[in-house]
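Biologist: I have a structure open and would like to learn how to read its features. Could you walk me through a few?

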Number of protein chains: 4
Amino acid sequence: MLEKYSVRTDLALEEKERFESDNVEVQGVVVEEHYDEEREIRITKVRIETEKGAKTMGKPVGTYLTLEAPNMAVPDEGYHREISEGVAGFIGELLAKQKVEQKEFSVLIVGLGNRQVTPDALGPYVVDNLCVTRHIVKEYGKYAMGLKDVNMLSAIVPGVMGQTGMETVEIVRGVVNETKPDLVIAIDALAARNSRRLNRTIQIADTGIHPGSGVGNHRRGLTKETLGIPVIGIGVPTVVDAATIVNDTMENLIAAMESSETLKSVGEVLRSYNAAEKYEFVRELISPHLNGMFVTPKDIDEMVKQISYTISEALNLLFTNTEKVSKEQQE
Amino acid sequence: MLEKYSVRTDLALEEKERFESDNVEVQGVVVEEHYDEEREIRITKVRIETEKGAKTMGKPVGTYLTLEAPNMAVPDEGYHREISEGVAGFIGELLAKQKVEQKEFSVLIVGLGNRQVTPDALGPYVVDNLCVTRHIVKEYGKYAMGLKDVNMLSAIVPGVMGQTGMETVEIVRGVVNETKPDLVIAIDALAARNSRRLNRTIQIADTGIHPGSGVGNHRRGLTKETLGIPVIGIGVPTVVDAATIVNDTMENLIAAMESSETLKSVGEVLRSYNAAEKYEFVRELISPHLNGMFVTPKDIDEMVKQISYTISEALNLLFTNTEKVSKEQQE
Amino acid sequence: MLEKYSVRTDLALEEKERFESDNVEVQGVVVEEHYDEEREIRITKVRIETEKGAKTMGKPVGTYLTLEAPNMAVPDEGYHREISEGVAGFIGELLAKQKVEQKEFSVLIVGLGNRQVTPDALGPYVVDNLCVTRHIVKEYGKYAMGLKDVNMLSAIVPGVMGQTGMETVEIVRGVVNETKPDLVIAIDALAARNSRRLNRTIQIADTGIHPGSGVGNHRRGLTKETLGIPVIGIGVPTVVDAATIVNDTMENLIAAMESSETLKSVGEVLRSYNAAEKYEFVRELISPHLNGMFVTPKDIDEMVKQISYTISEALNLLFTNTEKVSKEQQE
Amino acid sequence: MLEKYSVRTDLALEEKERFESDNVEVQGVVVEEHYDEEREIRITKVRIETEKGAKTMGKPVGTYLTLEAPNMAVPDEGYHREISEGVAGFIGELLAKQKVEQKEFSVLIVGLGNRQVTPDALGPYVVDNLCVTRHIVKEYGKYAMGLKDVNMLSAIVPGVMGQTGMETVEIVRGVVNETKPDLVIAIDALAARNSRRLNRTIQIADTGIHPGSGVGNHRRGLTKETLGIPVIGIGVPTVVDAATIVNDTMENLIAAMESSETLKSVGEVLRSYNAAEKYEFVRELISPHLNGMFVTPKDIDEMVKQISYTISEALNLLFTNTEKVSKEQQE
């Protein structure tokens, strides 16, 4: 309950868990889970199907695929290859739903975030490792690539508003209007609700990137509405809002009181207060200095580097390795 | 003479010198020089006034201001302040010519080049140190800045084609169409003709950035024609084309022969050959492996850092420090 | 009280405040405060004079100077110059106490931390902007510098254990034994107790850098004991431990309860519990996932850049601008 | 012949070629070549066996293994794996010669060069991708790694003299004395003689790193003499000295003259001059502004990134993947 005052998550998965913990059934929301024990990879699909579901969840109608893997930040080439293939498969699934034909089309990758703040550098790092092809196809034609069906991959790192003086959506819309891609894929560092999810979770959604999400708080989203073409959002939680930690502490405090013999009565007192009283609490408890602060792990640099590489590989796999033209055909 | 086959310079100043060394008067081109002995700063203004002059110079009609200072890469705050003020003055002069009203207007700074290649990182570094204001003015109105006349400064680092798959002009035109600035100022690392000019020269031109110029060889320019609004180009030579070095050697060789008693006759023989024969020479002399190579100083990192800072300061001075609103007016 | 289970600060100033909030007089610790209203700079000197004081404070005997300035992260050249001069003065003061003669001596600057994690990059950034001179003096003699009294400034960025496989003290001791400086000055990003202090505080101490301090948790300190020469530590708090935030919430909770009419009784109940009971609380409240996590502001990149520049300037001022040899003497 | 005035190469391979082009047999130097046609990898082993050979070659007695592969800078994981394995094999071969036992020993990797100048960043980049283990073995013992035989890998990026004020050898010797590794492997960006060799060549030598070699011109070498333990040097040519280009032009000029009907006589005249006369030429031809300048390809960032990764992988393969302890033994 306290969450409503302070808690924020960019993960549909966590939004759903919130209701589960309250034993609330959410109308218009379908959840499927799959756990691959051997590889320790958990897949969750959250489909928000109705406006009612969207309102309850605080997220737009659409499909949210989440892949959780405990070893995502560990350097192990083979394992990452599997995750890259999984992510590529998910994006393909969403493209099919969007009826975007995956052969010979043009995609713009947008690396959101600030290269100079480690947990926000995920998007720029993903772009660093992409194999863009649009300029080659434009210049030499698709046979130059030695491929039959050629997608055109382009990419941009728009920067953050404090560096550019422009909304990200202004920059991206300008580039979209000028270069006419069929699809935008935007990559962003997210804020999670639970610190356990940091750097082991990738969310892929066909609803784009939304206001207030991400580490850098975009004011306006990158969506089909703002850009005029389908937008797939790929997000990795790399921080937790500092305010969330305070809220967690409150939750834990009440739980602790209830389970402690001596403090049971206090816990009960607290629980009996109404929302307004509780709100007074949280307002007092959250130091104003915590606004604009985030919580992040100490090894964030390694984690962001590793996961960005995995996502780049997924995009390279999906968009640059189409069927090879046989050598004869080329000649 | 040999230069015409192989030499390339982005500096109007050097283009002019080429003709001077041949004692040729260039019609339609006016040159003014000023040397400030105390501060060791040389100012050269090249005005290409006619199409004929433009054709001869291989550069469009317009004004090219060049500031040369031997200590530009030395860390000395006071000295750099003076250069920043000089550069700011020059830009103001060109704005006046362009009849761009310098009060309350909107300017987009474009940092061209590749942040990851040291001599090409000048543009991105300049943007790093700018104080952009457009988003603040948009959000809070100009009084938020405590200033009477407020310019809106925005900035973008578009990246290079090998990273984005897009022409730079596509990205910038998209952003211009979307955010409607009154003026673009594009900063680029240039190729000089003479290694003596590296990292001590700033050229400011009202003709924008042109095809084939810069370290990174943009294929299409950023000009009034391609963007629809005035474009001022600021360039700093940070490299010399490797082919230029070969040409210089040839030049020096002929000069050496002529001044050497024993080889005088050989020099005379060489000089007597016609253009076709000389061309054969140069073709043979330039190793194909030198294509796409550049010559740059070993302390290029310090130099680029220092000069980019000087240019950022010039832009901050010019566009963010307009007259303060008195405190009373604000309240 | 709860602090003793969970709270950590690298600032002597905050350690002192902890006792003040409990109205406890600490024996063997002398505190002087000075506030410069015009410039909004607060100076605090904490002198730990006895082993008893050291034990109570959890910090070694020595002098800890702290400079707090609210605008430290704001780009304003003049203001930063004043702070740089203040910091230079403080270091000079500590050198005098250490009886280190400030003329013609050799100092090694150590930039601690991880360049690739933004809040931990302070030390490396400081080294980036230093004007090292040792190699020039060694090569050409002191008259090459045009100065009468010449200090030799050298600098190293040792990296962090996860990148080097070595303890920082091993690397620095090796370099000290080889190059024989008279003094080490080590710069480190610190963890503060209070998020209000982030990026506006510089602590200068003649006790070096201690185990467990800093963002990166050095296991062994850089001190006169481990290096054999005096070590001055310069620290800037850039993060707060996530666990601290939890503790703050507890503190605020109890305070909130006491001041709230309806919850007064609960607060009293809590306050009446003994240490063991409180400990049970805190243990439960701190999520294990918070270990190794820190809280940092979103604009940390700008802050670290700005403050590192201020410290570099202080060191350059102090060690490279000694009295100039008159031109005649040089010739 | 002209070479003796101006040309410099860090590659033993190129030194050898110089004599071959003059049809000179070099006493005390043995060369073996092997070409793998399928993979297009050329292996050259130059063994300098006597002091006489060393004097002629201008390089110390020792073994120089060179691996050339045209596609070294192309991103192709499988291909790079093969090169990494080749490099690992070569290092193993040199270790065997040095009688360094490759089981359970301690190696310090030294990443030479300047991270901020792209063609000189090879060494630092290699260190960025290493899996150092020394601190883990020291802390938890070798069984913590789940391995039977455990090497201890440590690494340092000492920086360049202009940043540290110290000779690289001072820093490395200090660290070696303190941490007692059995072996140093130093990685450095080299200057090649021929621009064709850039970014496609890896040289591995058991003689360490020598004065005047590398992009950054170390004044004193890292060798068994200066460090007291065996030093293996790994070098990749990333630049050509600007002066070399001038010399090449001269060479080409003379050749061009001889093969050109009209200029034959001039070529003959030139060839007839004695060394002193030729020297006069070269002195005149090399502009003093070319000192301290280098020639490098425009895509140097991609190349350095790719090759550094290949070398890191070789070192990780060789030193961190020793035989696994079976699970039973561990428990």
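Modeller: Gladly. Let's begin with helix 4 (residues 77-97) of chain A and helix 13 (residues 300-320) of chain A, whose axes come within 8 Å and cross at roughly 55°. This is a predicted model, where local features need pLDDT of at least 70, side-chain atom pairs count only at pLDDT 80 or more, and totals for chains, interfaces and linings use all residues. Residues are numbered from 1 along each chain as its sequence is written, chains are lettered from A and ligands numbered from 1 in the order in which they are written, and side-chain values use heavy atoms, leaving out hydrogens and water.

Biologist: How are helix 4 of chain A and helix 13 of chain A oriented to each other?

Modeller: Angles under 35 degrees count as roughly parallel, over 145 as roughly antiparallel, 65 to 115 as roughly perpendicular and the rest as oblique. Helix 4 of chain A and helix 13 of chain A are therefore oblique. Contact means heavy atoms within 4.5 Å; the residues making it include Ile83(A), Val87(A) and Ile91(A) of helix 4 of chain A, and Ala314(A), Leu317(A) and Leu318(A) of helix 13 of chain A.

Biologist: Through which surface do the copies meet?

Modeller: Through the same surface, because 100% of the interface residues of chain A are also interface residues in chain D.

Biologist: Is Thr296(B) buried or exposed?

Modeller: Buried means under 20% relative accessible area, exposed over 50%, and partly exposed in between, with a 1.4 Å probe and protein chains only. Thr296(B) is buried, at 1% relative accessibility. Thr296(B) lies in strand 9 (residues 293-297) of chain B, and its side chain reaches the backbone oxygen of Thr238(B) at 3.1 Å. Beyond four places in sequence, the residues Thr296(B) touches include Pro119(B), and also Gly292(D) and Phe294(D).

Biologist: And where is Gly235(B) found?

Modeller: Gly235(B) is in strand 8 (residues 231-241) of chain B and is buried, with a relative accessible area of 5%.

Terms used:
Helices (H or I, at least four residues) and strands (E, at least two) are DSSP runs, numbered from the N terminus. A polar contact is a pair of N or O atoms within 3.5 Å; within protein, one must be able to donate a hydrogen and the other to accept it, and residues adjacent in sequence count only if both atoms are side-chain atoms. Axes are lines fitted to C-alpha atoms, for helices over the stretch in contact, and angles run from 0 to 180 degrees between N-to-C directions.
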